[in-house]
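Have the viewer open as you read.

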Amino acid sequence: MGTKHEHCKSVYFLTSPNILQLQPSAVKELPPSLEVYDSWRNIGAGIGRSGSWYSTAIGEYFERRHFNAEAPYTRKALLGEYLDQNETNSFASAFIQTSKEGITSILNHKFHITEVFRLKDFSKCGIPSITLSLGARNYFEDNRFYPRRDTCGSSFHLGLESSLLGAIKEILERNFLLRFWLTNKCSEIYSKEHIETVLSNQETYSLFNLLSKHGNLKAFNISDPIFPGECALVIYGAHSNSSTVRYCAGMSYASSSGDALNKSLLELWQTFRFLNLFETGFQDTSTIKDPYQRHFIKCNSISTYEEISNPHVDQPRPKNHKHQITLQNLVESIESLGASGFLYVKEEANSEGRMHYSRFVSPDFFMHMNNAEAFNLENLYSRRFLTDILKGRLGKMVPFP
């Protein structure tokens, strides 16, 4: 199916990102991909057709660059100086769990604080900057409270509403994935007939057929019934010892199963290409800085596929379920839980208009993706399924990049 270095072209620019790497596929039915990055290894990747690969890669690049190095803080303060009592207690409960040192003196610690907006009424407040920034260098005194951080809940778009919607969708789909992994339960196992029907007019129909011939594909609806839309998880497994990719996965959250499955397959193909490149060219995990990618490489085995491929169907979706994913529908669903939420927004200008960086943070949900370490397992969202969590899954990080 082709490797990354068989067909690539690098173009160097004077401004960031300064490297653009095109990766057309050796087979025309397969979607091409693109990577952009700079000298500091801020990377954005995109895959698809009709220019979507470029906008996705550039957007991911700017998002990661901003939250790695540019997310600002306002001042240092106690949690209670900017938050009400319930919000303060939620962050304190989360930090007690995410702290590697078992710290309990959270309410007396002065954090670096960044100004954000409350989701419920868009009033201004302040939350610890460590929940927004991926970088550790500016928050030495705070890092011990929240040492494991990732891009969960981050978004970059030219439009403000699209940026906010993307941030909230992103953290919800990650929480759906963790719920699926920890409980081994899903809302639906998509049949092959359903997948073929909804993909028949999508760009990934050929990709689905080719992957199905080379290995096994399964797809699940891992949505939570109280939220709109459908979150699709697609996994691939190959039993042949000659296959460089034995397991990979893709996920997407959209208003319909067709859109969710289409985007999930694109993401799966992106992870497939990454694993194929690594296994055929490098095979040295020390060159991979991202801990999630290092873990995902270690999960490249048929045993991972077999472990994750047979979930139980639970909590079917109600008849009056809202399918359309809108900012209003998501906000209403989060508020129905009684959960607090905070939106970071930064606006910048460029030659194409106004750019918007957003990040959604909530201590009432899972705050990052590493469920095996420094993880707030007990929160307002997880209370509904805590008794369903499998102990054997707690010590294994979810097999997802």
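What follows walks through cavities, a pocket, aromatic contacts and salt bridges.

## Ground rules

This is a predicted model, so to speak: local features need pLDDT of at least 70, side-chain atom pairs count only at pLDDT 80 or more, and totals for chains, interfaces and linings use all residues. Residues are numbered from 1 along each chain as its sequence is written, and side-chain values use heavy atoms, with hydrogens and water left out.

On a 1 Å grid over the protein atoms alone, a cavity is a set of points where a 1.4 Å probe fits but cannot get out, and lining residues have an atom within 4 Å of a point. Grid points are joined across faces, edges and corners, and a volume is the space filled by probe spheres set on the points.

The largest cavity holds about 50 Å³. Its lining includes Thr 131, Tyr 146, Cys 152 and Arg 359. Strand 16 (residues 353-361) supplies the largest share, three residues; helices (H or I, at least four residues) and strands (E, at least two) are DSSP runs, numbered from the N terminus. By class, the lining has six nonpolar, two polar and one charged residues (Ala, Val, Leu, Ile, Met, Phe, Trp, Tyr, Cys and Pro are nonpolar, Asp, Glu, Lys and Arg charged, the others, Gly among them, polar).

## The second largest pocket

How big is the second largest pocket? Its volume is about 450 Å³. A pocket here is an open set with protein on both sides within 12 Å along at least five of seven lines. Of its 24 lining residues, the closest to the centre are Ser 90, Gly 338, Ser 340, Asp 364 and Leu 380.

Helix 2 (85-98) and helix 9 (327-336) each give two or more residues to this lining, and helix 2 has the largest share with six.

## Rings

The whole structure has 23 aromatic pairs, meaning Phe, Tyr or Trp rings (for Trp, the six-membered one) with centres within 6.5 Å; planes under 30 degrees apart are stacked, over 60 edge-to-face, the rest tilted. Phe 156 and Tyr 357 sit 5.1 Å apart with planes at 50°, so they count as tilted. That pair spans 201 residues, from strand 8 (residues 154-157) to strand 16.

Phe 366 and Tyr 381 are edge-to-face, at 6.3 Å and 90°, and both are buried. They also belong to a ring cluster, with Phe 176 and Phe 227 among its other members. As for charges over rings (NZ of Lys or CZ of Arg within 6 Å of the ring centre and within 35 degrees of the ring normal), Arg 393 sits over Trp 181 at 4.1 Å, and Arg 179 over Phe 385 at 5.9 Å.

## Salt bridges

The model holds 16 salt bridges, each a side-chain nitrogen of Lys or Arg within 4 Å of a carboxyl oxygen of Asp or Glu. Glu 141 and Lys 76 come to 2.8 Å. Glu 141 is in the loop between strand 7 (124-128) and strand 8 and Lys 76 in strand 5 (residues 75-77), so the bridge ties parts 65 residues apart in sequence.

Lys 185 and Asp 388 pair at 3.5 Å, linking parts 203 residues apart.

Technical notes. Buried < 20%, exposed > 50% of the residue type's maximum accessible area, 1.4 Å probe, protein only.
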